[in-house]
Every structure is written in structure tokens, then in C-alpha cells.
Amino acid sequence: MPTYKIRGIDVDFPFEAYECQLVYMEKVIQSLQDRCNALLESPTGTGKTLCLLCATLAWRKSLGGFSTGVSVMSSQNSGGSADLLSQSGSSRLPTIVYTSRTHSQIRQVIQELKRTSYRPKMVVLGSREQLCIHEQVSLLHGKAQTNACQLLRRNRDKHEEHEKRERHEKPRCTHYSRVAGYVKSNPHLGDEPIDIEDLVNIGKSSGPCPYYMSREIHKVVDILFAPYNYLIDRGYRKSLSLNWKNSILIFDEAHNLESLCADAASFDLPSWLLTACISEAKNCIDISVKRRQVSDDKSSNPDNFAILRALLLKLENRIAEVPIGSKELGFTKPGPYIYELLADLNITPKTSSKLIDIIGEATELLEEDNQQHGRSSVCRLESISNMLNIIYRHDNAHAKFYRVHVQEVDTSTSDGLKVKGKASRTLSWWCFNPGIAMEEFPRLEVGSVILTSGTLSPMDSFAQELKLDFPVRLENPHVITSNQIWAGVVPTGPSGYSFNSSYRIRDSLEYKQELGNAIVNFARIVPDGLLVFFPSYYLLDQCIGCWKNTSQANSTTIWERICKHKKPVVEPRQSSLFSVSIEDYMAKLKDTSTSGAIFFAVCRGKVSEGLDFADHAGRAVVVTGMPFATMTDAKVRLKREYLDQQAQSQREASKLKLEILTGEDWYSQQASRAVNQAVGRVIRHRHDYGAIIFCDERFSHSNRQSQISLWIQPHLKCYSKFGDVVFTLTRFFREGRNWGPTKLKLLESEKLVEPISTTKSAALEKIDEAPLDDLPSFLGSSMSADGNASEFDLEEFKHSTTAISQDCSVILEKVQPANRSSLTSCKDKSATLTCANELICNEKKLIYAGKALRYQNGRTIDSPDNSILDDKLFKRLLAPCPSKKRKSIGTKHDTMRHNESFSDHSSRLRNSESSSGSSKSLECEKGHDSDNISVRSAQVGNEETRGSEFLIQVEEKLSASEYKEFVNSMKALKSKAVKINEVLLSIARIFSGPERLSLFKRFKDFIPAKYHSIYDQYLGANERTSNIPGKKEH
């Protein structure tokens, strides 16, 4: 495992790191060492998660050993106080809290942790829905499940005297009572990476509650994994028993963090919800009165519930009395007005706490009644409690960041019909300062807050919105090369009509027809999967409706022409139908009657968020316009007004010309971020390729292009003619066929794509299993524009390249070595890194002497007649590559040094000239920096001997045709253009069978160390096929 010296920290990385990965880890460590915050953007496929884990844990390890073997003894009867018994003495060291949006994303992070050499004490916090194993409670959901769980725990602690009053013993949770003993007797729990499924399995096999077991372990961990809400929600945050001082808070996939923070601090109270709360208060009165009459149970006071109901009725009337002059504008007041409104109901900071307690009693009473009658329902009253907790915080200072809004909408029936004369109102208290959720971190003396994602651009709004200083920033380039991406702005369509999805133009028939005709062309050119994103559901519906009803001269509609090339799928508005649409898309991709499938979706929709359309599932993405939010939406309008007012006051307070976020800036950046999120669905790993097509003339403006993700900008071109788009796009996919299809499972072994969760739903798993053609020969594959795969051999390829013009790349030049830097040096200005993505084409060209291929200056000079190397040269080629030393780089605080030579650590072919110049040979070189490259003649001699012995045994076992294929495989293995997965697939096929398995095992000596993990997969497959029990060699 390579070790890198980064800012004085030794970082163990599972694989040979790319330059952009080293830059990313340097920025992480800089943030940790300087105790400052960081905004880090790195495209999907650059190994972001792995880099983040390795850098953070290496820094943490440098401070002291991990807390392995630490146990926690919890006295549940004494309020859950914990006694920490530390064997490593590291309890005072910083705790790392790693959060992401969803449980499935956290599962992927845990899989990445397993691939590192670091083993910190860790645990995952999940919801009861994920962790509960109780026979009845596990069947519930949401608040109903939480209430049922809490009720069973309270029953365990009820006094014996109260139990005697009951006619039957109350149910209890036996799993909860076993947690303390199990955790105490298993102090090493969490020393190895464990996921939610592991905790559940422990609970099912040994009895302790996984939910509360994780909450016990989290008190002594080095790194804690949890969803976002454990940090941004005050209630969840208070439930954590952590030492916040100097702790490290990581928000992965943070592109939506600002909106999540604002939503967590806001509330909406619609009429139907308030009515349900009033009904529940009435039920509590009836239940408590009945209990007093039947069993003289006076544990609950019906008078308290009567007071609660009366207050809720007054609130309902008060909202109904609010004067609304315009349904579009509604009723708006400054944030502090909420206190005036509630004071009329005698709800103050003092009385609110009493009201919250009454709601707690009501919740418990309703849950007990539901259990007795076998019902499962959600308690709506808790929404009132949450609302009061948001309003009455430490003081009322936060109210200035809010707006009170009452909106009136017509009441609709279940079938969508409006009820005449009846309107529904919603009381809202909206937070327009997302920084409220983060403001407590500086007071807690948190060490660093790191926000990272594949699409953070544009970054300016993040720092200003979250009200945190981010001295360290990074916009990383991609690991792909320029010929793996086509990015273009298409301002006009086939007929020359301008593309502009603004509300002034989007409803015109000409615009919709022109867009439809353009998509027909894209569907014809792009192979396999095509994603088309619209700014809104409205425009999507309008365009598809037009295309289905508008016929051309030949009476064929635009929709029919699209369907001729690709089978369509439309993203549904209902989230419940989303998984079905994904399954439909994957099924249509596999249909061979057309050249693929086309997915019509919406920016900010589910398709644009987090799904992986790798390889054939997404060869191109089309963005049909700027996804601006609806300007007339009350929340959007008030947000813009709020930011403009804040900007004005800041300008008046400061005479300096500061960059202040205005309402228009925010509005524009939100649209750009939605675009970046959508285009990020394609090109998901370093072997992937695809096209990004912007069909709106506004993308040609420099201010719009500056807000597109930095890794795309160097490749972005604006085309004045649609014909040029068709020509270049067609050529791109014809050349792209040389990359060939790549299996994701093999790519995962190279750690450049995030692992696929083993617990995904079947529908979402299929998105990662795009229909791939069978792997072709190791020399490459050809994919035509209509999606039909064809194969070509080496001889055919060699002869064809002589006719290619100088500006067209040969396949051997397209594929850079795995560790060859394709990035220019990056300058660090004010701790903000911006990397250009220009290619460094400085690698040596592959030259064969005499009858070998010669490439120089990007063109074919000579084409050989014989592709088989002579025997002596082949033995030299077969020589094992010596093991490579670990490489380390040094970095400085002020500037980074990127002039290190990150050369390919696999063996390379080198042209070696003798003193007479008459003989040339190919030698195996170490993949070190240039000053470390040396191969001793004695060593080469030994390697040749070993190669000769192995070659003799191979010739004895193989047929003539198999031996020829083996020779070609070896030549490909030593090439810079090596496709290692395809080479090893060919070798594995040759050495299949019990009698050849020993040769395949010995073949590992002749493979560069960086490919050993991939080799082990093929070896394991051959062992299983041969039915020979064996162990992988290491």
C-alpha cells in the first residue's frame, strides 16, 4: 500500500494516487491542521470518499492511537451516564463525525473504509426503521414507531405499584434491557468497520437492541457515521454524547446542505394538520375520562388536554382571521410577528414549555391506546411541539432571519377537483438564514467543518449562506482525459431557431418543435442511454404533448421519430412510481430492437439527484434550459427580498466594496447548481465517456459558463451551427468506441468508483448494471452510433491507423497510464485551488524496432507485417517487474508542489539503444520518479531466466493458437494503452482448467503490483470453476 507524505502526515492510500487525489488530501489535511473550515469539490469518479477518509484518519492517527478496545458501561437506570474505560488513552483526542444525506450513501462510505488500512473505533447511527428488531415495533414507521419504542422502554421503568393497578402486565422490550451487558462484555465492538446490517445481525443473534447499542458505542468512537440531521437538528445533536471541542464535522454530498439547514429551522402548519391536532386533543380528553371512570386511573388529567384543544382552536380561528388581499402574495410579516400572534393565545416562552409537556403526555396516552386496540397511526400533535421548539429557542434574536407567511389555496378533493367556496390556509415561519443550523458549532469550539461534494459550484453562495468562513477551498478537475468528454452549447436548432427556455419563448410552437427535432438527432447519434433534463415538470409535459400531436410532412410525429431511435421513459411526479420508471428504463436499455433508451427528467428531480448512470446507462445528458425557480412562488420571492435587504444593510454598514450575495445572485446560482447536479449523472469513473449538451443560448454567456462545474469548463465549446454539433458529436462517439464497455464491478477494484450498496432496492441496483456488451478482446472494441458492437483485431487496427490524419488520436495515445498526471500544475491563491484541465502529452511514444509499430508525434509512421515479437525479445518482455518502493510527496503550507513526476507504476515499454545503435530491446522499468529508474543488468538476466522457464512450461500446456493469443496478451500488458481488465480476462480464459491453474497462479509474478487486486478476482473465479480448493496468493 503506497504511503504519501502530505504536510508532514504519512497517509496510507490503498492505490497509486492520482495528482488530483493528492491535491484533495492535501486540502483536507490543511483544514485539519489549521483548525479551519473547507469547501471541497471533486467530481464523481475521482475517489473523493476514499481520499477524505484516508486523509482525515491519517491526521487523527498522527495525534495518537485509535480507541480500539475501549468499552462503555452504561447504567440505564441512572439516566444513561457512561463510564469510559479507555485502553488507548485517546478519549481526549478529536472525534470525527462523518455525515451524509442518506443511509445508502453511508453504507457506501463504510465499504470505502473497509478498503483502507485504518481501523478506528467506529459506529453508524441509524433510524429505528433501519435498526429495530422488535417483533411489533419494527413493523411501524416514523413517529408511530418512535412513540411505540419509547413507550416500551418506559414500561420497563414503571413503578411496581403502578403495575399492580393494571389488569394485565404492560409489554416491555427485552432487547433494550440486554444492551448494557452485551456492550460491556464486547469491548472490541466497532474496532472493525461495522454497518447497519452488522448491528442488526448482532441483535438478532445475541439479543441486544441494535438501535440503543449503537448509541452506547458512539460515546467512545474515533469516527461516527450518521445522517445530516444528527448535526443540523438541535434535538438530534443534543442526543449525542460527544466532546465537541476540536471535533471534526464532515458533510459529504453537501450540495443541498443550505436548503436542508433552512428547512430544518422552518415549519409549515396547514389547515388539515391543525384540524388533525385538534381531533387528537379531543381523543385524549375522551381516553383520560374513560380511564378514570373504568379503573380510577388518574395518571392523566383531562383538563390539561382540554386546555391544549382550546388553544389549538383559538390558533385555527386566529389564522382564519388574517387578512389576505391577494392569493398570489398572501399575508407576510417580519419574523418577530410570530410572537405577537401567539401572545394573543397566551402562548409565551414560559407557557410554551408547559404546553410542550402536555403534548408529550398526550402523545404517550395516544400510543398506549393504539397498542391496546392494535392500531398504528402517526401522532400529529408532535408537529405542534416541534413548532414551539423552533420558535422559542434560547432567545428571540433568531426571529429577524425569518418571515411569517399565511398562504391561502383552494381546497381540493382526492381526485383534484376544487371545492367551491372553501379555502385552506397554511401558516409558515420560514428561515432565510441557513447559517442558524451551523451557528452553534463555533460556540462548541468545533475544530473544522468540511463540506464536500461532486457539485458544489458555484461556491460563493455556500460560504455566505452558511455564515461560516471557509479559508480552504478546492474545485478539483476530473481524472478523465479530454477525449472522454464532449461538452457543447447548442444555441440554435436544426432550422436555426434559437433555444431559450425562458417563459417568454418556451410556450411557442416553434421552440418546442425545434427542441424536439434536435432531440431526434441526439437520439440517433448517441448510443445506448440518453438523459434529457427539463427546467420544470410544466415544460416537460408541454413539450412531450406537442411532440405527440405535431406531425411532419410525412405524417410522422416528432415523438414517433424519437421512439424510432430510442424507447422513452418519463420521470413521474409521484415519488412512489419512481422505482418503476427506473426499472422500465433499464429494461428498455436492454432491448435490442432500438439503439437504447431515453429518459425525460426534470432538474432537481429524483433522476438528477444521486443516481449513477455510468457507462451505457448514460452516454449523454441534454439540458434543455436554465432551471430557475418560479419567481412568483412566495418562498422564492421572500428569499430574494430578504437577501436584497441584507445586502443593502451590509453595504451601508461597510464602506468597503465587498462581494455580497444578493437575491438575484442567489436565484441564478441555485439554477446553476441544479444544472451541475444534472450533468453529473454521466461520466462516473475514469474509464467512462460521454457528452454534455446545453440546449439554451444563455449557456453561451460567460457569466453562465463561469458557474458550471470547473472540470467541465475547459472542454466546453459553443457551436454556432447545429450541423457542426451533429458532425463533432458523431465523430466523438465513433472515436469513443475505442474505449470499450467497462464492467463496474471490475472498476471498483481500482477504487475509482464508489462501491454499490449491497442493500439497495432492486430498481436502484439496476441503474448500476447498465446493459454492457460482452467484453471484447483485450485490443479494444468498436461501438457504432446505433449501439451495435463489433470487434476488430490488432492487424486490422494497425493497418487502419495509417490512413488516419494527424489530428485524430490512436487508441494507444488515448489511454493514459493509470498514474500519469493529466493535469497542469495548480496554483494556490489565498488557499483557493483552481486547476486547469489541460492535458500533458509528454509520455514517450511506443516504438518497436524494425517490424514493430512506430508512433511518433501522434501519427503512425510504419505498420508492421508481423505482430509477434521474436522469442528473445519476448523473454525480455516477460521478465517480472520488480516491486516498487512506496512513494512519498512533500507539501508546504503556503504553496503546493505539483511538479512531482507521477509516472505509471505499472511496467512500461522502453526503447533501449546500444552504443552501435544497431540493436534495440524492450525492458521492464520501475514506475518510480525519473531519478529512481534503474534496472541492473544482473537483475535483468535473472528475470530473463525466470521468464524463459515459465515460457517453456506455457508452450507445453497451450496449443499453437492459444500460445499466440498469450503472446499478444503479454505485449498488450506491457503497453501504455493497456486495458488490464480485458488482458486478464483473456489470460484467465487461456489458463482455465485444473491442469493450467498452477500456471495462472505463477503468472502473478509477471503482473505489476497495482493490478494484483484485479488479478486475484480472476484467480478466484478460475479456482471456483476448477473445483479446486485453493487460497489466493499474496
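# Close-up views of a predicted model

View 1. Ile-708 has a relative accessibility of 3%, so it counts as buried (under 20% relative accessible area; exposed means over 50%, partly exposed in between, with a 1.4 Å probe and protein chains only). This is a predicted model, in which local features need pLDDT of at least 70 and side-chain atom pairs count only at pLDDT 80 or more, while totals for chains, interfaces and linings use all residues. Residues are numbered from 1 along each chain as its sequence is written, and side-chain values use heavy atoms, leaving out hydrogens and water. Ile-708 sits in the loop between α27 (702-705) and β22 (716-718). Helices (H or I, at least four residues) and strands (E, at least two) are DSSP runs, numbered from the N terminus. Leaving aside neighbours within four places in sequence, Ile-708 is in contact with Asn-676, Phe-694, Phe-699, Gln-713 and Leu-716 (contact means heavy atoms within 4.5 Å). Arg-673 is 35 residues away along the chain, yet its C-alpha atom is separated from that of Ile-708 by 7.8 Å.

**View 2. Helices α14 and α17 are roughly perpendicular.** Two packed helices are described by the angle between their axes and the distance between the axes. The axes of α14 (residues 271-295) and α17 (residues 349-372) come within 10 Å and cross at roughly 70°. Axes are lines fitted to C-alpha atoms, for helices over the stretch in contact, and angles run from 0 to 180 degrees between N-to-C directions. Angles of 65 to 115 degrees count as roughly perpendicular, under 35 as roughly parallel, over 145 as roughly antiparallel and the rest as oblique. The contact includes Ile-287 and Arg-291 of α14, and Leu-365 and Asp-369 of α17. By class, the contact of α14 with α17 has 5 nonpolar, 3 polar and 4 charged residues. Here Ala, Val, Leu, Ile, Met, Phe, Trp, Tyr, Cys and Pro count as nonpolar, Asp, Glu, Lys and Arg as charged, and the others, Gly among them, as polar.

**View 3. Helices α17 and α18 are roughly antiparallel.** The axes of α17 and α18 (residues 381-391) come within 9 Å and cross at roughly 155°. Among the residues in contact are Leu-355 and Ile-359 of α17, with Ile-384 and Leu-388 of α18. By class, the contact of α17 with α18 has 8 nonpolar, 4 polar and 1 charged residues.

**View 4. Phe-251 belongs to the largest nonpolar core.** A nonpolar core is a set of buried Ala, Val, Leu, Ile, Met, Phe, Trp, Tyr and Cys residues joined through side-chain atoms within 4.5 Å. The largest core has 99 residues, of which Met-25, Phe-225, Phe-251, Leu-257 and Leu-451 touch the most other members. Helix α2 (residues 48-63) gives the most to this core, with 9 residues. Leaving aside neighbours within four places in sequence, the contacts of Phe-251 include Tyr-228, Leu-257, Phe-441 and Leu-451. Another core, of 61 residues, lies apart from it; Ile-358 and Leu-638 are among its members.

**View 5. Asn-246 and Lys-467 have positive phi values.** Phi of Asn-246 is near 65°. Asn-246 lies in the loop between α12 (234-238) and β9 (248-251). Asn-246 is partly exposed, with a relative accessible area of 29%. Phi of Lys-467 is near 55°. Lys-467 is in the loop between α20 (460-466) and β15 (472-475). Lys-467 is partly exposed too, with a relative accessible area of 47%.
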